[in-house]
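These are my notebook entries on a structure that I went through one feature at a time. I wrote down each term with its cut-offs where I came to need it.

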Amino acid sequence: MKPFVKGDLEGFFALGMDNLLVFLLMTSLCLGILGFSDELYFGRILPAAAVGLILGNLFYARQAMKLARRENRTDVCALPYGTSILTVIVFGFLIMLPIQQKALSEGFSKEQADVFAWHAGIVACIGSGLIEFSGAFFAHHIRKITPRPALLVAIGGIGLTFISMDFVFRTFAFPLIGFTTLSLAFVFYFGGMRSRLGIPSGAIILGAGTAIAWILYMLDMPTVVPVGALDTSNFGVKLPIPVIGDIWRELNLLLDFLPIFLPMGFAFLLGSLQNIESAAAAGDSYEAKPALMVNG
């Protein structure tokens, strides 16, 4: 069995763009809404998210290779893995922001309030992750009694509402960038066109949009490139540093946030089942238990 086949590079860029969009949203929330420092976000939060992304995708790649070997196929597609956009939005606005504002109102410094908010977000993720991990042991029963259309339609709704709509508005805000890349997406992904040079469609779309954005920036015209984008002070190798001791002391927050992370945990559980069912509908039948355990 070949470890790499035609289409793997295309899938890599497609998944990469999806996760890039989530990271951009996460950056806007942490730096724009919460006002985290560059050192906290780029030095602690983003590196850990990147490591999690690598580990999760390596596991799913291994699962895909095992399935391909078992069924003697070369067209198996690995399950997608990445940061949940629901986590970013819900935990950011309903947990991290309130904790930060509460700490500020009690006289803590902005730096201390940011750390409290960050830790609260981690605790909430632990709580919802435990629910998804536990759900791995009875998920097959949910799949048996839930019609496939019910699971698949929910994926479309989440993608349309939480992932695409904000960027649809940005398409109209910056039409030269937005409509160029949108047209390319229609041509490649819906029109079935392929590059003669074998360049992945996602790379072409990403490259075209990036080039236009920077050309407009150089011409001092309206663009999506932020002010100070050429600042390289945050570039470098930054390994995530565990804060297990701090988090352990703050696990009591789980009870405070139970009404928020409990339903979110079940939402993540169902979301993972939807991905697994979507793969099964395309011909790749994965076991739910290991996938949910790793997700959790």
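Before looking anything up, I noted that helices (H or I, at least four residues) and strands (E, at least two) are DSSP runs, numbered from the N terminus. The model is predicted, and local features need pLDDT of at least 70, side-chain atom pairs count only at pLDDT 80 or more, while totals for chains, interfaces and linings use all residues. Residues are numbered from 1 along each chain as its sequence is written, and side-chain values use heavy atoms, with hydrogens and water left out.

**Entry: helix H11**

I looked up proline 263 and found it in helix H11, which covers residues 258-281. Taking contact to mean heavy atoms within 4.5 Å, and leaving aside neighbours within four places in sequence, I found serine 272 in contact with Glu132, Leu292 and Asn295.

**Entry: helix H3**

Helix H3 (residues 85-105) has 21 residues, and I read 29 Å from its first C-alpha to its last, close to the 30 Å expected at 1.5 Å a residue; the expected span is 1.5 Å times one less than the number of residues. Where is the kink in H3 centred? It is centred on glycine 92 and amounts to about 50°, the bend at a residue being the angle between axes fitted to the seven residues ending there and the seven starting there. Among the buried residues of H3 I listed Phe91, Gly92 and Ile95. After H3 comes glycine 107, with a positive phi near 100°.

**Entry: a positive phi**

Most residues other than glycine have a negative phi. Asparagine 72 sits in the loop between helix H2 (38-71) and H3, and at 72% relative accessibility it counts as exposed.

**Entry: salt bridges**

I take a salt bridge to be a side-chain nitrogen of Lys or Arg within 4 Å of a carboxyl oxygen of Asp or Glu. How many salt bridges does a search of the whole structure find? It finds 4. In one of them, the side chains of glutamate 71 and arginine 73 meet at 2.6 Å, N to O. Glutamate 71 is partly exposed, at 35%, whereas arginine 73 is buried, at 19%. Arginine 73 also meets aspartate 284 in a salt bridge, at 2.7 Å, N to O. Arginine 73 lies in the loop between H2 and H3, and aspartate 284 in the loop between H11 and helix H12 (288-295), so this pair ties together parts that are 211 residues apart in sequence.

I then turned to lysine 110, which forms a salt bridge with aspartate 114, with the closest N and O atoms 2.9 Å apart. Because they are 4 residues apart in helix H4 (residues 110-135), lysine 110 and aspartate 114 are separated by about one helical turn.

Terms used. Buried < 20%, exposed > 50% of the residue type's maximum accessible area, 1.4 Å probe, protein only.
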